[in-house]
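Welcome, and thanks for taking a look at this one. Below is a short tour, from the whole chain down to a few individual residues.

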Amino acid sequence: MFDVQKLVRENIKNLAPYSSARDEFSGTAKVFLDANENSFGSPLTKWYNRYPDPHQVAIKAALSVIKSFPAEQIFIGNGSDECIDLLFRSFCAPGKDNVIICPPTYGMYEVSANINDIKIKKAPLLPDFQLDLIHLENLIDANTKIIWICSPNNPTGNSMERSSIEMVLNNFNGLVVIDEAYINFSKQKSFIQELQDYPNLVVLQTLSKAWGLAGLRLGMAFASEAIIDILDKVKPPYNINTATQELVLKALEEVGQVNDMIKIIVDMREALAHVFKQMPSVEKVYPSDANFLLVKIADARAVYDFLLTQQIVVRDRSSVELCENCLRITIGTEKENTLLVDAMQAWYNK
Ligand SMILES: *Cc1c(COP(=O)(O)O)cnc(C)c1O
């Protein structure tokens, strides 16, 4: 049986969380002299002199409606990257515990593990970029706390097979984190709706990609209340600043506009994939459920360098295992995509 209290680090289980001024008194009053703020104001909007809501109540309420999911089971981080770090710090004992990742995948899992002195075990994806379940199972030991699954995956772009993810969820007694940063670009259903069946599941999403708000830094973790309570206890009290909270709240009213953008990006992804496939020396355009394409190309590094001379920056993934000679190309605006395609054609015609 899965028991989150057995999984959490001993020092975290016993941690008395910081109690902020806003925690001790959160009602209305005429005079606030409890948080050593500057009562005179600020050079900016007048309320920026006050600390932000440490619990992001308004944002969670709005997200709860959009996601049809209970607010008590939502954690908000300063980007998904903070959620990733907090999962390590809450559940993995440095120098003792380990986690499993499935490369090629998002780089922050490994960096965050290294910062926290957590051992990384690797079950590389199969040549078709799907999970290697047998290898995964063989890596699990008594100190394995988290299995990280990125779906749709960065940089490969594909979604993991649902049945494989379910197999991991059903057979692993630690946490299974599914990073759904790109889920809005995919036809796959989010695993958020499965959370009631899996107490060991954490789903990560972000406003950085489909919502176009990478600069505001807002990531989300969806999980059982028990897991969310632990992350809340460990996070810095004021991790989401007032400007971000205000702007995100406004943005969350525009679901329709975001859905329109997603549709355009997905259409352009398919159109661009078609154009790339016609190009000489493009060996493969991998199917993508994300807002980028992974393209295998002869002489990827030289193409990358040439594009730079045309002031176009893509991501060179040539040195990544299983992504040899691959460029990762984000879908841009119509104009940007045309510039890219023209530049690539110019390269071949040189
Ligand atoms: C871009 C990306 C994120 C987003 O991280 P933020 O910190 O929320 O900007 C998370 N996971 C993956 C796989 C990504 O590619």
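In which loop does proline 104 lie? Proline 104 sits in the loop between β2 (98-101) and α6 (108-115), where helices (H or I, at least four residues) and strands (E, at least two) are DSSP runs numbered from the N terminus. We will come back to this proline below.

## Ground rules

This is a predicted model, in which local features need pLDDT of at least 70 and side-chain atom pairs count only at pLDDT 80 or more, while totals for chains, interfaces and linings use all residues. Residues are numbered from 1 along each chain as its sequence is written, and side-chain values use heavy atoms, with hydrogens and water left out.

## The whole chain

The protein contains 13 helices and 11 strands. Its radius of gyration is 22 Å, close to the 20 Å that the globule rule gives for 350 residues, so the protein is as compact as a globular protein of that length. That radius is taken over C-alpha atoms, and the rule is 2.2 Å times the number of residues to the power 0.38. Along the principal axes, the C-alpha trace spans about 70 × 55 × 35 Å.

Of the 350 residues, 52% are buried; buried means under 20% relative accessible area, exposed means over 50%, and partly exposed is in between (1.4 Å probe, protein chains only). The accessible surface comes to about 17,100 Å², with 53% of it belonging to carbon and sulfur atoms; areas come from the Shrake-Rupley method with a 1.4 Å probe, and for residues only the protein chains shown count as cover. Among contacts (heavy atoms within 4.5 Å) with a separation of 6 or more, 67% are between residues 24 or more positions apart.

## Helix α5 and phenylalanine 91

Helix α5 covers residues 80-91, and at 1.5 Å a residue its 12 residues should span 16 Å; the end C-alpha atoms are 17 Å apart, which agrees. The expected span is 1.5 Å times one less than the number of residues. The helix is mostly covered, with 10 of its 12 residues buried, including Cys83, Ile84, Leu86, Leu87 and Phe88.

Phenylalanine 91 belongs to α5 and is buried, with a relative accessible area of 0%. Leaving aside neighbours within four places in sequence, phenylalanine 91 is in contact with Val4, Leu7, Val8, Arg9, Asp97, Lys145, Leu175, Ile227 and Ile230. Its C-alpha atom is separated by 29 Å from that of valine 320, 229 residues apart along the chain.

## Two partners of phenylalanine 91

Isoleucine 227 is placed in helix α9 (residues 225-234) and is buried at 0% relative accessible area. Not counting residues up to four places away in sequence, isoleucine 227 touches Val4, Phe91, Leu175, Pro199, Leu201 and Val202.

Lysine 145 is in strand β4. Is lysine 145 buried or exposed? Lysine 145 is buried, with a relative accessible area of 10%. Beyond its neighbours within four places in sequence, lysine 145 is in contact with Leu7, Phe91, Cys92, Asp97, Asn98, Phe172, Gly174 and Leu175.

Most residues other than glycine have a negative phi, and most peptide bonds are trans. Against that background, a cis peptide bond joins proline 103 and proline 104, with omega about 0°. Another cis bond joins serine 151 and proline 152, with omega about -5°, and proline 152 is in the loop between β4 and α8.

Asparagine 154 is also placed in the loop between β4 (144-150) and α8 (162-171), and counts as buried at 7% relative accessibility. Setting aside neighbours within four places in sequence, asparagine 154 is in contact with Pro104, Thr105, Tyr106, Tyr182, Phe292 and Arg328. The C-alpha atoms of asparagine 154 and threonine 105 are 5.3 Å apart, although the two are 49 residues apart in sequence.

## Positive phi values

Aspartate 299 has a positive phi of about 60° although it is not a glycine; aspartate 299 is in the loop between β9 (292-297) and α12 (300-309). Glutamine 311 also has a positive phi, near 65°, and lies in the loop between α12 and β10 (315-316). At 73% relative accessibility, glutamine 311 counts as exposed.
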